[in-house]
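Please work through the following exercises with the sequence and the model at hand. Each task is followed by a solution in steps.

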Amino acid sequence: MNTLLELSGVSVTFDGFRAINNLSFQIAEPELRAIIGPNGAGKTTFMDIVTGKTRPDEGTVIWGERSISLLKLSEAQIAREGIGRKFQRPTVFEDQTVADNLMVALKKDRGPFRVLVWRAEPADQTRIEELAAEIGLADHLGTKAGILSHGQKQWLEIGMLLAQEPRLLLVDEPAAGMSGPERDHTTELLKEAAKTRAVVVVEHDMDFVRKLDCKVTVLHEGSVLAEGRLDHVTANQQVIDVYLGR
Amino acid sequence: MERSFFARNPSVLIFMGLLGLFTLGVTVLSEAYGTSAISTSLVKTLGMTLCLCLVALAMDLVWGYCGILSLGHFAFFGLGGYMIGMWIMYARTEAVVVGSLANAPLPPTPAELTDAIAVQIFGVVGGDSFPWMWAFSHSLTLQLMLVVLVPGLLALVFGWLAFRSRVTGVYLSILTQAMTLALALYLFQNDTGLRGNNGLSGLQNIPGAEDIPQSVTSIWLLWASALALGLGYIGSAWVMSGKFGNVVRGIRDDEPRVRFLGYSVEGYKLFVFTLSAVIAGIAGALYYPQAGIINPDELAPIASIYLAVWVAIGGRGRLYGAVIGAATVSLLSTWFTGGRAPDVNLGFYTIQWVDWWTVLLGLGFVLVTLFAPKGLGGLVDYIVRKDRA
């Protein structure tokens with residue numbers, strides 16, 4: 001297990017509010033990690049920093065074997081480095097079919113001129129079908145994404161992330177608004193994905209985190225409060241005070 | 001996936017067929033090549049309408065497909081017109097000056113000739129020499145290249161600055177309005193070198209075709225406009241039919257998603273914006289020889305707003321929608337404001353359409369927005385089920 005992503009001493013301030021305070025965090029490849037914490041703990045800001053949406057005031061974000069600093073890259077470049085991000089609300093291209101959504105996400109050249117002349121080959125078609133089967137949407141390839149159910153949209157977005165073949169997947173509250181069986185399917189998808197890559201799941205829902213059965217990082221006021229197995233951190237008195245005790 | 005481009009885009013073939021029939025019909029009914037059922041001025045109006053359809057197509061690419069509401073596209077259209085107008089004015093005036101000096105005792109030197117042409121063109125604004133921007137006006141080839149290059153470069157620079165700074169939505173629309181307004185004000189100045197508010201005139205007289213009657217040249221220009229519209233339609237459909245179109249529509253609907261998939265959103269916007277400006281420039285270069293005159297008023301902000309209204313009424317996000325909207329509204333506008341629409345006498349008040357047309361247009365725009373958000377082109381969905389999924 002090599003360290004894939006390492007944040008050290010990262011701080012961000014928004015209008016005087018310290019959203020992230022001297023945060024240090026590491027994840028290996030492959031690994032499944034859950035991040036929990038109360039509202040305002042800095043979970044989403046953490047993702048914004050890793051994906052390049054927010055620039056930290058201080059600290060370093062180092063990526064991969066060649067130890068690239070992500071702070072110098074744009075969002076698109078970071079994504080091309082192999083970091084995929086799933087948003088909290090499902091964001092798929094509602095006006096386009098499931099197949100087209102996956103096709104756009106497939107790991108291919110992203111430049112406008114190359115994309116202009118690109119046409120799907122049989123191998124790409126097969127890959128799209130495989131992905132659709134994996135996320136349980138094999139029968140919906142021609143369906144417009146806009147008419148899928150909430151859960152199906154979440155899966156489609158996860159499918160699009162998998163199509164990107166990222167080395168690190170950042171997933172923001174994947175189980176929000178899902179029914180029981182839908183949650184189980186999502187758990188399986190994430191666990192399966194984490195066998196070959198690093199997956200970070202930000203989640204509120206303790207039951208869901210328990211099912212993921214992985215190492216947990218507890219964030220509080222922008223820094224790491226505790227880290228370890230779920231049973232271990234939930235036994236931590238500080239964690240109980242700031243989060244679980246409420 | 002292996003089906004041909006036309007099989008996947010049946011509307012392109014239908015459009016080409018209709019455009020071909022229209023062109024053939026006008027030709028057969030024209031004064032030059034047919035029964036004279038259509039006057040030359042109507043041929044010109046129809047040819048100009050085709051150019052307006054082409055610029056609407058360009059507008060649909062940026063707005064309907066990419067979600068960039070540009071309210072400055074007539075700047076590109078006007079620039080295209082100015083570029084071709086410079087050559088027409090130069091070449092025409094040169095012919096006139098050479099003709100008038102033919103009987104002079106001494107043949108004029110090239111410098112005298114140039115000065116005489118300059119006085120002819122710029123006397124109206126008190127000038128007597130060519131400004132720098134007329135450097136290539138003697139060459140049709142170079143001016144034709146400028147028809148593409150000038151709008152393209154303006155769009156490239158403007159777009160690069162705006163998109164790089166992540167200016168979007170209404171702020172970008174305001175910036176594009178400012179762009180076309182600034183350009184119009186710049187052109188209004190006599191010192192700019194494009195004859196200020198006089199603009200370029202006499203553009204209907206194509207150099208080298210002095211002996212050919214307007215009835216014939218008007219048909220030629222109509223053919224050229226139809227060809228440009230056809231090629232523009234096929235080209236736009238091809239660009240938007242592949243993965244590029246999926247990415248661009250993705251930017252319109254969910255820009256962050258596209259960005260986090262690893263696509264450089266700014267690069268794609270710049271590509272579409274510049275392509276659209278080039279198409280608009282070509283449309284303008286074909287329009288103004290039919291209109292006969294171009295002046296800075298053509299670049300006024302209101303013109304670009306009308307363009308957005310046409311596309312909205314026609315239905316954005318589908319190419320034929322833009323064409324339907326531009327054709328319908330601009331032809332109606334010509335009819336209502338041309339004084340041929342009968343006045344409506346209400347007894348206590350007489351509605352004169354010249355004044356009331358804009359009210360009717362505004363009302364139509366509101367009604368379409370409220371009750372048919374997909375525009376006139378959306379009616380096609382009732383006939384053809386598009387989602388065959």
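Predicted model: local features only at pLDDT ≥ 70, side-chain atom pairs only at ≥ 80, totals over all residues.

**Exercise 1. Determine the strand order of the open sheet in chain A and identify its edge strands.**

Step 1. The open sheet consists of four strands of chain A, arranged as β2-β1-β4-β5 with antiparallel pairing.

Step 2. β2 (17-29) and β5 (68-69) of chain A each have a single partner strand, so they stand at the edges and one side of each lacks a neighbour in the sheet.

**Exercise 2. Trace the pairings of β4(A) with β1(A) and with β5(A).**

Step 1. β1(A), residues 2-14, pairs with β4(A), residues 58-63, in the antiparallel sense through five bridges. Within this pairing, A:Leu7 has A:Val61 of β4(A) as its bridge partner, and A:Ser11 stands opposite A:Glu58.

Step 2. Two bridges join β4(A) to β5(A), again in the antiparallel sense. Here A:Trp63 has A:Ile68 of β5(A) as its bridge partner.

Step 3. β4(A) and β5(A) form a hairpin, with four residues between the strands. In the turn, A:Gly64 has a positive phi of about 75°.

**Exercise 3. Describe the contact between chains A and B, and the packing of α3(A) with α9(B).**

Step 1. Chain A contributes 28 residues to the contact and chain B contributes 23 residues. On the side of chain A, the elements giving two or more residues are α2 (75-81), α3 (98-105) and α4 (112-117). That side comprises eleven nonpolar, eight polar and nine charged residues.

Step 2. The axes of α3(A) and α9(B), residues 243-253, are 10 Å apart and form an angle of about 95°. Angles of 65 to 115 degrees count as roughly perpendicular, and therefore α3(A) is roughly perpendicular to α9(B).

Step 3. The contact involves A:Asp100, A:Met103 and A:Val104 of α3(A), together with B:Lys243, B:Asn246, B:Val247 and B:Gly250 of α9(B). By class, the residues of this helix contact are three nonpolar, two polar and two charged.

Note on methods: Residues numbered from 1 in each chain as written. Chains lettered and ligands numbered in written order. Contact = placed C-beta atoms within 7 Å. Nonpolar A, V, L, I, M, F, W, Y, C, P; charged D, E, K, R; others polar. Axes fitted to C-alpha atoms, helices over the stretch in contact; angles between N-to-C directions. Parallel < 35°, antiparallel > 145°, perpendicular 65-115°, else oblique. Pairing = 2+ DSSP bridges.
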